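Morning, everyone. Please have a look at the model on the screen.

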Amino acid sequence: MDCSVVGLCRKTCRTLKTPCPTPCVPGCICPNGLVEDNNGNCIAPVECSCSFGGETYHSGSTIRSDCNNCTCQGGSWQCTENPCPKTCLVFGDGHYRTFDGKRYNYDGNCEYIFVEDECNQKEGTFQILIESVPCCENGVTCSRNIRIIIEVFNYENII
């Protein structure tokens, strides 16, 4: 490739959505309308593969992510946008996993708000409280006491 020729750019499946690099790097390029795949072959951009979880998937491949299906299309994943139900979890010696999948450890003889709502950014209508209490002789705590607090509405007064 001659860097003095304007408009020439080495496009690959990995750089489909990025501008041409500057300065120009001399070398072979694919003919106009084609891009270089991971093996150095010239292919149409719609044939580019996708990566997920350290694996490579051919164009047209479909995988499942949470409760959505994702299809590889031209080097990008196109996913359905179904709302996914989520769970949270308390286990062992103060181990917590939140609805977004993050993990926390709380070591102490305390009560924690595990779940609560804040409907319309107002005071919540329910809470689930977890109390960690000593459960062994060596000071280990376990989440054994669970309290559920629910506010009951009087629907007759709602217009």
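Let me start with one cut-off: buried means under 20% relative accessible area. Take Cys70 with that in mind. Its relative accessibility is 5%, so Cys70 counts as buried. One caution before we go on: this is a predicted model.

How many disulfides does a search of the whole structure find? Five.

Cys70 forms a disulfide with Cys79, and the sulfur atoms are 2.0 Å apart. The angle about the S-S bond is 115 degrees, and this link is right-handed. Cys79 has 38% relative accessibility, so Cys79 counts as partly exposed.

Next, Cys50 and Cys72. A disulfide joins them, S to S 2.2 Å. Why is it right-handed? Because the torsion about the S-S bond of Cys50 and Cys72 is about 85 degrees. The pair links distant parts of the chain, 22 residues apart. Cys50 sits in strand S3, residues 50-52, and Cys72 in strand S6, residues 68-73. Buried or exposed, Cys50 and Cys72? Both are buried.

Now Cys67 and Cys84. They form a disulfide with their sulfur atoms 2.2 Å apart. Here the value about the S-S bond is -100 degrees, and the link is left-handed. This pair, too, links distant parts of the chain, 17 residues apart. Cys67 lies in the loop between strands S5 and S6, and Cys84 in the loop between strands S7 and S8. Cys67 is buried, at a relative accessible area of 17%. Cys84, at 24%, counts as partly exposed.

That's the tour. Thank you.

Terms used
Residues are numbered from 1 along each chain as its sequence is written. This is a predicted model: local features need pLDDT of at least 70, side-chain atom pairs count only at pLDDT 80 or more; totals for chains, interfaces and linings use all residues. Side-chain values use heavy atoms; hydrogens and water are left out. A disulfide is a pair of cysteine sulfur atoms within 2.5 Å. Helices (H or I, at least four residues) and strands (E, at least two) are DSSP runs, numbered from the N terminus. Buried means under 20% relative accessible area, exposed over 50%, partly exposed in between (1.4 Å probe, protein chains only).
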